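User: Please bring up the model so that we can go through it together.

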Amino acid sequence: MEHRITMDLKEKLVTSFLAFENNVSTDTESTIHDIRSKAFTYFEEHGFPTKKDEEWKYTPLKSVLKHDYTIFPKAETAIEFAAVKKYFLHEIDSYKIVFIDGVYSSFLSETTHDGFDICLMSSALKKPKYKMVIDHYFNKIASKKDSITSLNTAFSSEGAYIHIPKNIVLPKPIQIVHFSTGSEAQVMLQPRSLVIVDENSHVQIIERHQSLTDNVVFTNSVTEIFAEKRAIVDYYKIQNDKKTASLIDNTSVQQKQQSIVSVNTFSFGGNFTRNTLEFHQEGEYIDSILNGITIIGDKQLVDNHTLVNHNYPNCESHELYKGIYADKSVGVFNGKVIVKQAAQKTNAYQQNNNIIIDDGATINSKPQLEIFADDVKCSHGCTIGQLDEDAMFYLRSRGIPKKEAEALLLYAFANDALEKIKIPELKTRITRLIAKKLGVELGFEL
Amino acid sequence: MLEIKNLHANIGDKEILKGINLSIKAGEVHAIMGPNGSGKSTLATVIAGKEEYEVTKGKITLNNEDLEDLAPEERAHKGIFLSFQYPIEIPGVSVTNFVKTAINETRKANGKKELPAKDMLKKIREKSELLEIDRKFLSRSLNEGFSGGEKKRNEIFQMAMLEPKLAILDETDSGLDIDALKVVANGVNKLKSNDNAVILITHYQRLLDYIVPDFVHVLHNGKIVKSGGKELAHELEAKGYDWLK
């Protein structure tokens with residue numbers, strides 16, 4: 001009998017790391033080298049989290065880690081724009097940073113250095129002219145005590161790099177799209193992105209991970225977002241990938257005074273999705289907005305782990321996550337809000353509303369409020385329920401059949417988390433996605 | 001048109017309707033009055049087919065067809081309309097789109113094609129004018145943020161669009177100021193014909209000054225304790241309900 005020995009994923013990553021470092025670092029004294037090595041040591045010591053880890057209690061990684069992933073993707077595979085057009089918000093003009101199997105695609109991208117940088121992490125990490133910025137921002141807020149984030153940091157080499165200097169309102173949104181083509185049977189991708197928006201500047205970003213075949217993809221993505229004074233950042237994550245794709249997304253946001261940052265996460269697809277989203281408020285009069293809509297079925301899992309750190313007085317946070325779970329799907333919501341003693345006059349709102357459609361579906365919802373200041377307004381609410389009987393009766397009494405009435409009510413349930421979308425074409429797109437997902441016949445204008 | 005015979009209905013273990021008998025012919029307007037908790041809204045809801053209520057005895061027929069096994073939407077397709085006392089808010093679905101969906105589902109169930117967009121628009125224009133509804137109002141999310149009066153007016157607008165055979169108006173007058181009440185009553189009167197019938201459920205005589213009933217029934221403790229003509233409503237207004245108990 002023939003025995004095939006497959007290395008376990010951690011072992012494989014350990015072996016790969018040495019080769020990777022030799023490849024990317026010419027200057028082993030560089031700060032980046034140091035950051036990567038430290039991060040790798042952390043990952044090596046801690047490994048992948050298990051269910052014993054409180055933060056991963058309901059989110060078993062086993063099914064994701066069991067595959068024999070290719071760690072270094074091949075060189076660029078060409079894709080015609082027409083073949084992937086539908087994955088872009090193509091109705092509007094935009095900047096585009098596109099990756100195919102982890103490699104930058106200049107053909108599909110539309111980057112710029114004209115007045116601001118919308119380009120690649122690989123250039124930013126290598127070229128001397130970015131050194132000051134990189135030293136100041138890179139890996140400053142990504143968690144150093146999370147082994148999966150550390151793993152990404154260790155292998156960080158490519159992703160989006162966006163730096164908007166002060167007083168610029170970006171004329172069009174930026175789309176960051178990661179395609180995987182299935183050129184490998186199983187591939188692991190680790191994009192690393194950095195977004196810096198200086199004083200008074202305004203930017204809108206749409207991010208998407210999309211596999212084009214049914215081959216297995218595991219993406220471990222890390223993004224750091226810095227909003228300086230009075231900056232406005234609207235970030236949209238569209239997660240509607242194939243059922244063979246898994247995503248761990250770690251996004252950390254740091255805000256300075258009077259900045260407004262919203263992160264909107266739309267999770268409809270994929271096999272396994274873990275979103276860790278952290279906001280750190282470092283100034284007064286900040287507004288942090290976290291919105292999410294999850295609609296899943298089959299055996300899909302979506303875990304939204306959020307943290308808002310209120311460190312300064314007079315700030316707000318608004319968090320609204322809605323979930324609809326069918327079949328045997330699993331939802332996890334963990335919303336942590338920390339209000340430090342100095343953060344007086346904080347207004348923090350958190351809401352997590354869920355609807356379970358089938359008995360086999362589960363949702364684990366855990367609000368965690370840690371409040372050390374006394375003059376604050378904090379509220380949280382969590383609901384798990386079925387569709388409202390009175391509302392069902394109302395629709396049915398108007399002649400709308402049960403199934404359509406259910407779909408219409410679910411659509412209405414999810415709807416208010418869409419209110420914050422500021423790009424009208426994107427709002428229409430997401431609305432259609434939701435309608436399609438729920439089987440609502442929107443035979444009418446939106 | 002509608003025959004109710006010895007109707008008993010429960011919610012959970014509690015009997016709310018305790019033997020209702022009522023006969024309504026096409027072209028008639030019936031008012032059902034009575035104190036709080038007498039079973040007025042339950043009667044309306046049971047006719048419309050809410051599944052949480054259990055009919056334990058008796059039956060309801062519409063044009064000789066037993067309604068017992070029909071779902072709420074099937075009753076709607078046969079021409080029953082219930083105007084809700086507390087209409088439900090549906091964010092993200094406009095009044096227009098909702099009404100279109102309701103009309104086309106009903107047409108589909110009756111083997112008809114969807115109403116062409118042009119005819120739909122014409123009908124919407126006609127009926128919104130009848131009820132003095134602003135066009136902008138129609139693109140708002142259904143009942144979301146509507147005042148009490150707007151909700152009721154919107155219910156009657158839907159009724160006008162759906163053109164039911166039997167319209168049951170549950171406390172349509174509550175929350176309406178006198179001007180809105182006149183508009184709504186005028187709408188109902190214009191929609192009245194020899195082919196349809198109306199049940200008005202109300203606490204007060206006020207609505208009946210504008211929509212004049214052919215019959216008035218007093219419901220008390222799950223039973224109709226007195227029936228009469230429109231003058232009964234005036235008597236109730238003057239004397240209250242206590243003398244009937």
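**Sheet, helix and chain contact**

Analyst: B:Ala167 has B:Val198 as its bridge partner in E10(B). This is a predicted model, in which local features need pLDDT of at least 70, side-chain atom pairs count only at pLDDT 80 or more, and totals for chains, interfaces and linings use all residues. Residues are numbered from 1 along each chain as its sequence is written, and chains are lettered from A and ligands numbered from 1 in the order in which they are written.

User: How many bridges join E9(B) to E10?

Analyst: Five, and the two strands run parallel. Strands (E, at least two residues) and helices (H or I, at least four) are DSSP runs, numbered from the N terminus; two strands pair if DSSP finds at least two bridges between them.

User: What is the order of the open sheet?

Analyst: The six strands of chain B follow the order E6-E9-E10-E3-E11-E12, with mixed pairing. E6 and E12 stand at the edges with a single partner strand each, so one side of each lacks a neighbour in the sheet.

User: Changing topic, why is H6(B) largely enclosed?

Analyst: Twelve of its 15 residues are buried, so the rest of the structure largely encloses H6(B). Buried means that 20 or more other C-beta atoms, placed from the backbone, lie within 10 Å of the residue's own. The buried residues include B:Ile156 and B:Phe157.

User: And what follows H6(B)?

Analyst: B:Glu163, with a positive phi near 45 degrees.
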